[in-house]
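Please have a look at the picture and the sequence before I start talking.

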Amino acid sequence: MSVEDAILTILLVAAFSGIVVAANIADRDKRSGVRGVVFAVLMLINVMIIALYGVMQVVYAFTPIAAGDDLTAPGKTEAVVGLAMSVIVAGLAGAVLHPRGREILAGLLPAPRPAGSLAARPQGLSTAALNTHLDGTPLFPQMLNYYTTDDIVVPRPSPVASSARVAPGWFAGPGGSAALRGFDKDSTVHVVALVACIYLVGVQFINFALGGGLEGVAESFEGGLTAWDLLLNAFPLLVIPVLGVGLGIRRTLPQALERLGLKRLDLESTAVAFGATIALLIFVAAVSMVWMGVVSEETYEEQTEASEALAESVSSLGIAFLLAATAAIAEEIAFRGALQPVIGFWPTAIAFALTHAQYTLTPATLIILVVAIAFGWIRNRYSTTAAILTHFLYNFIPLALSLSVVEEGSLWWLHLAG
């Protein structure tokens, strides 16, 4: 990554961090008027996405002088596709900002209710009683802002009752839920989180189209990976989610860690992480053998070109360790820690799979989806920390083994690291 790209990345992270901080202030002080400012800035970003990724690319592609002087100018077809996709991305983000769009999403992404909670409340038992411990102290002090709604009460599970059954739904996913939230249409933070997810997936696909597909992704790895590249790539996925949960604004550090699901590992969760890693690698091997048997050799080479290039860009065990660690920590905190409790189990798994450009439009995307489902289940059943450990092992073990393989490409499936 060049110095210019690094500076641009830092500036973009700083700008979006400002939006996230403002969103937290808007949720804390609902009468401040900050919410309107945040929405206006997001609408401006929508316009910029269409201008930068759509209109300008079309101009570059269809202007003979510009296309002739700039070797990086996209082809005409790619530019038109980029324009269409940029309009779709901006349109989806704009729909989230519209009140009606948020109402629809709130119905699609609700928080699950534990069995016997509000629906099964005994007659005569008031809402205030449900919100009070046996000793009379409030169960949900408003200062915690654990939930961003003031009118919906969802009991927070205690450690003893953490395994209680949860009403089935798209949000909860397999294994119940360790974080009873859901999309709140009145929360500026939730709106920003969902819009950010749309940007992340959408821009990924736009760049995929403008960059020449899998071949373009493969070329981006030709220079090799450096520690600086890995740290800078992880930077936004660490900073923005931590600020997003309201650290220093709505939550203290312990509260933010709890919200992100970052807890100490115990023997059971550690054993599950190792067991899940082994199971996932066996699954990847089995599916890969079927894949290689179904498609032609030429198609197989085309579909694995980007993943091969990524694996070949890892030149040492140290880089392999850093790649596995940065990807696991940053992606799990962003997706499973921050995003999953808001948009739900299945949407998060799908978004995670779609953000891995090296597998786009190949059967490997389905493999990564299964991997994401496993990580999400571990986060729900145990913690984000356990999901991080599983993700790290799933990344590092194949990369470390691939460095010791003499026959190039013989274990390409080991490079399917999330």
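First, some ground rules. This is a predicted model, so to speak a computed one: local features need pLDDT of at least 70, side-chain atom pairs count only at pLDDT 80 or more, and totals for chains, interfaces and linings use all residues. Residues are numbered from 1 along each chain as its sequence is written, and side-chain values use heavy atoms, with hydrogens and water left out.

Now the overall view. The protein has 17 helices and 0 strands. Of the 418 residues, 47% count as buried. Buried means under 20% relative accessible area, exposed means over 50%, and partly exposed is in between, with a 1.4 Å probe and protein chains only. The accessible surface comes to about 20,200 Å², and 68% of that belongs to carbon and sulfur atoms. Those areas come from the Shrake-Rupley method with a 1.4 Å probe; for residues, only the protein chains shown count as cover.

What about contacts along the sequence? Take those between residues at least 6 apart in sequence: 78% of them join residues at least 24 apart. Contact here means heavy atoms within 4.5 Å.

On to the helix pairs. Two packed helices are described by the angle between their axes and the distance between the axes. The axes are lines fitted to C-alpha atoms, for helices over the stretch in contact, and the angles run from 0 to 180 degrees between N-to-C directions.

Please find helix 4, residues 76–97, and helix 7, residues 188–210. Their axes come within 9 Å and cross at roughly 175°. That makes helix 4 roughly antiparallel to helix 7. The cut-offs are: under 35 degrees roughly parallel, over 145 roughly antiparallel, 65 to 115 roughly perpendicular, and the rest oblique. Residues in this contact include M85, V89 and L92 of helix 4, and I198, Y199 and F205 of helix 7. By type, the contact of helix 4 with helix 7 has 17 nonpolar, 3 polar and 1 charged residue. Ala, Val, Leu, Ile, Met, Phe, Trp, Tyr, Cys and Pro count as nonpolar, Asp, Glu, Lys and Arg as charged, and the others, Gly among them, as polar.

Helix 7 has another partner, helix 1, residues 3–28: these axes come within 8 Å and cross at roughly 155°. Helix 1 and helix 7 are therefore roughly antiparallel to each other. Where they meet, F16, I19 and V20 are among the residues from helix 1, and V189, V192 and Y199 are among those from helix 7. This contact divides into 9 nonpolar, 2 polar and 1 charged.

How do helix 11 and helix 17 cross? Helix 11 is residues 267–294 and helix 17 is residues 384–403; their axes come within 9 Å and cross at roughly 40°. That makes helix 11 oblique to helix 17. Helix 11 passes helix 17 in a right-handed crossing. Right-handed means that the near helix is turned clockwise from the far one by less than a right angle, and left-handed means anticlockwise. The contact includes T270, A273 and F274 of helix 11, with L389, T390 and Y394 of helix 17. Its residues divide into 12 nonpolar, 4 polar and no charged.

Let's zoom in on that region. L389 sits in helix 17. Is L389 buried or exposed? L389 is buried, with a relative accessible area of 18%. Leaving aside neighbours within four places in sequence, L389 is in contact with L265, T270 and A273. V272, in helix 11, touches W377, I378 and Y382, again leaving aside neighbours within four places in sequence. V272 and T390 are 118 residues apart in sequence, and 8.2 Å apart in space, C-alpha to C-alpha.

Two more to find on your screen. V47 lies in helix 2, residues 34–62, and counts as exposed at 52% relative accessibility. Y300 lies in helix 12, residues 297–303, and counts as buried at 14%.

That's my tour, and I'm happy to take questions.

Key: Helices (H or I, at least four residues) and strands (E, at least two) are DSSP runs, numbered from the N terminus.
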